[in-house]
Amino acid sequence: MASNEPRRISDLETLKAFAHPLRMKLYRALYISRQATASQLAEQVDEAVSLVSYHLRKLADHGLIEEAEQQGRDGRERWWQPASKGLNFHDEDFSDAPEKVATHAAVGRLSFDQHIELYRRYLDSAQSWSLEWRSAASSSEYLARLTVEELSALSREVHELIDRYEELGRTRDEAGDTEGRENVAMHLYAFPFRT
């Protein structure tokens, strides 16, 4: 990856470019694989290579992904990689105009819908995973009464913990420690609500 830091998306045009169901799926698939071709990604998302290539170019036009170095490949097909270690979207960057608010909310809903789809696929196939994997998986809801400062601190600490484990897994995977290693999704939502 070009940058070891997450990229904060703060402009509407980049947010709009990302706000497409297939582009979000492609970004996620590319993030997991680290590097891939349009053909490989098309197989993963069950879409035509030409359509996937088009959407990859749109992501690249906005600097969300980039071409990967060839590394001994034959050069007939482009290899892509994420341009950063993930993407961040902050409410305060999109709260000053109705179109920005609407687009930011649409991206959040679309992302949530894709998270639900991913978790439903796990639930539908849970019995195909070993007992060890099923026992290691978790689903929890926590309800707390916090101040805005406490919620900010909690969010920061959770992100730091996940980043530490993500880096550990990536480092070990790149060193060849691949035995028993699987892709793992963790979706966290922390938000205020009133009853």
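What follows is a chat about a predicted model of a protein chain.

Me: Before we get into details, how many helices and strands are there in the protein chain?
Reply: This is a predicted model, and the protein chain in it has seven helices and five strands.

Me: And what pattern do they follow along the sequence?
Reply: Read along the sequence, the pattern is β-α-α-β-α-α-β-β-β-α-α-α, and the C-alpha trace of the chain spans about 60 × 50 × 30 Å along its principal axes.

Me: What share of the residues counts as buried?
Reply: The protein chain has 195 residues, and 26% of them count as buried. As for contacts with a separation of 6 or more, 68% of them are accounted for by residues 24 or more positions apart.

Me: OK, helices now. At what angle do α2 and α3 cross?
Reply: Helix α2, which covers residues 21-33, and helix α3 have axes that come within 10 Å and cross at roughly 115°. Angles of 65 to 115 degrees count as roughly perpendicular, so α2 is described as roughly perpendicular to α3.

Me: Is that crossing left-handed or right-handed, and which residues make the contact?
Reply: The crossing of α2 and α3 is right-handed. On the α2 side the contact is made by Leu 22, Lys 25, Leu 26, Ala 29 and Leu 30, while α3 contributes Leu 41, Gln 44 and Val 45. Sorted by class, the contact of α2 with α3 has six nonpolar residues, one polar and one charged.

Me: What about α3 and α4, where do those axes come within 9 Å and at what angle do they cross?
Reply: Helix α3 is made of residues 38-45 and helix α4 of residues 49-61, and their axes come within 9 Å of each other with a crossing of roughly 110°. That angle makes α3 roughly perpendicular to α4, and α3 passes α4 in a right-handed crossing.

Me: Which residues make the contact there?
Reply: From α3 they are Ala 38, Ser 39, Leu 41, Ala 42 and Val 45, and from α4 they are Val 49, Val 52, Ser 53 and Leu 56. By class, the contact of α3 with α4 has seven nonpolar residues, two polar ones and no charged ones.

Me: Switching topic: where is Asp 46, in terms of helices and loops?
Reply: Asp 46 is placed in the loop between α3 and α4, and it is exposed, with a relative accessible area of 69%. Its phi is positive, at about 55°, although Asp 46 is not a glycine.

Me: Which residue has phi near 75°?
Reply: That is Arg 34, where the value is again positive in a residue other than glycine. Arg 34 has its place in the loop between α2 and β2, and with a relative accessible area of 22% it is partly exposed.

Me: On to the strands. Is Thr 37 buried or exposed?
Reply: Thr 37, found in strand β2 (residues 36-37), has a relative accessible area of 3%, and since buried means under 20%, Thr 37 counts as buried. Leaving aside its neighbours within four places in sequence, Thr 37 is in contact with Glu 77, Arg 78 and Trp 79.

Me: What is Glu 67 in contact with, again leaving aside neighbours within four places in sequence?
Reply: Glu 67 is in contact with Arg 78, Trp 79, Trp 80 and Gln 81. With Arg 78 there is also a polar contact, side chain to side chain, at 3.2 Å.

Me: Where does Glu 67 lie?
Reply: Glu 67 lies in strand β3, residues 65-67, and it is partly exposed, with a relative accessible area of 40%. Its C-alpha atom is separated by 9.9 Å from that of Leu 56, a residue 11 places apart from Glu 67 along the chain.

Me: Last one, how many residues apart in sequence are Pro 82 and Ala 2?
Reply: Pro 82 and Ala 2 are 80 residues apart in sequence, yet C-alpha to C-alpha they are 7.5 Å apart in space. Pro 82 lies in strand β4, residues 79-82, and it is buried, with a relative accessible area of 0%.

How values were computed. Residues are numbered from 1 along each chain as its sequence is written. This is a predicted model: local features need pLDDT of at least 70, side-chain atom pairs count only at pLDDT 80 or more; totals for chains, interfaces and linings use all residues. Side-chain values use heavy atoms; hydrogens and water are left out. Axes are lines fitted to C-alpha atoms, for helices over the stretch in contact, and angles run from 0 to 180 degrees between N-to-C directions. Helices (H or I, at least four residues) and strands (E, at least two) are DSSP runs, numbered from the N terminus. Angles under 35 degrees count as roughly parallel, over 145 as roughly antiparallel, 65 to 115 as roughly perpendicular and the rest as oblique. A crossing is left-handed if the near helix is turned anticlockwise from the far one by less than a right angle, and right-handed if clockwise. Contact means heavy atoms within 4.5 Å. Ala, Val, Leu, Ile, Met, Phe, Trp, Tyr, Cys and Pro count as nonpolar, Asp, Glu, Lys and Arg as charged, and the others, Gly among them, as polar. Buried means under 20% relative accessible area, exposed over 50%, partly exposed in between (1.4 Å probe, protein chains only). A polar contact is a pair of N or O atoms within 3.5 Å; within protein, one must be able to donate a hydrogen and the other to accept it, and residues adjacent in sequence count only if both atoms are side-chain atoms.
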